[in-house]
Amino acid sequence: MPEILRGVAALATAATAVVAMCGAAQAKPAEGDWNGCPYGAVRIWGQDRNPYLDPHPTNV
């Protein structure tokens, strides 16, 4: 049983080392825009305003 635990500990240590060498994944914002609005942004039009007829939102 102690040999199995040592093997598991060695495997866990090796896996941790591989993950550490690869570096952490980084989140990046999407590039570009969609219909004139940057990705991740929210556009709000005032009441009774049509986004298709008026491309300028009240708030972004």
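A patch is built from residues with over 30% relative accessible area and no salt bridge, where like charges are joined within 9 Å and nonpolar side chains (Val, Leu, Ile, Met, Phe, Trp, Tyr) within 5 Å. A salt bridge is a side-chain nitrogen of Lys or Arg within 4 Å of a carboxyl oxygen of Asp or Glu. The model is predicted, with local features needing pLDDT of at least 70 and side-chain atom pairs pLDDT 80 or more, while totals for chains, interfaces and linings use all residues. Residues are numbered from 1 along each chain as its sequence is written, and side-chain values use heavy atoms, without hydrogens and water.

Start with the whole protein. Its secondary structure comprises 1 helix and 2 strands (DSSP runs numbered from the N terminus: helices are H or I with at least four residues, strands are E with at least two). From the N terminus, the order is α-β-β. The protein exposes about 5500 Å² (Shrake-Rupley method, 1.4 Å probe; for residues, only the protein chains shown count as cover), and carbon and sulfur atoms supply 63% of that area. Of the 60 residues, 5% count as buried (under 20% relative accessible area; exposed is over 50%, partly exposed in between, with a 1.4 Å probe and protein chains only).

Next, select Met1, Ile4, Leu5 and Val8. Together they form a nonpolar surface patch with about 450 Å² of accessible area. Leucine 5 counts as exposed because its relative accessibility is 54%.

Last, go to aspartate 48, in the segment after strand E2 (37-38). What is the phi of aspartate 48, which is not a glycine? The angle is positive, about 65°. Aspartate 48 is exposed, at 76% relative accessible area.
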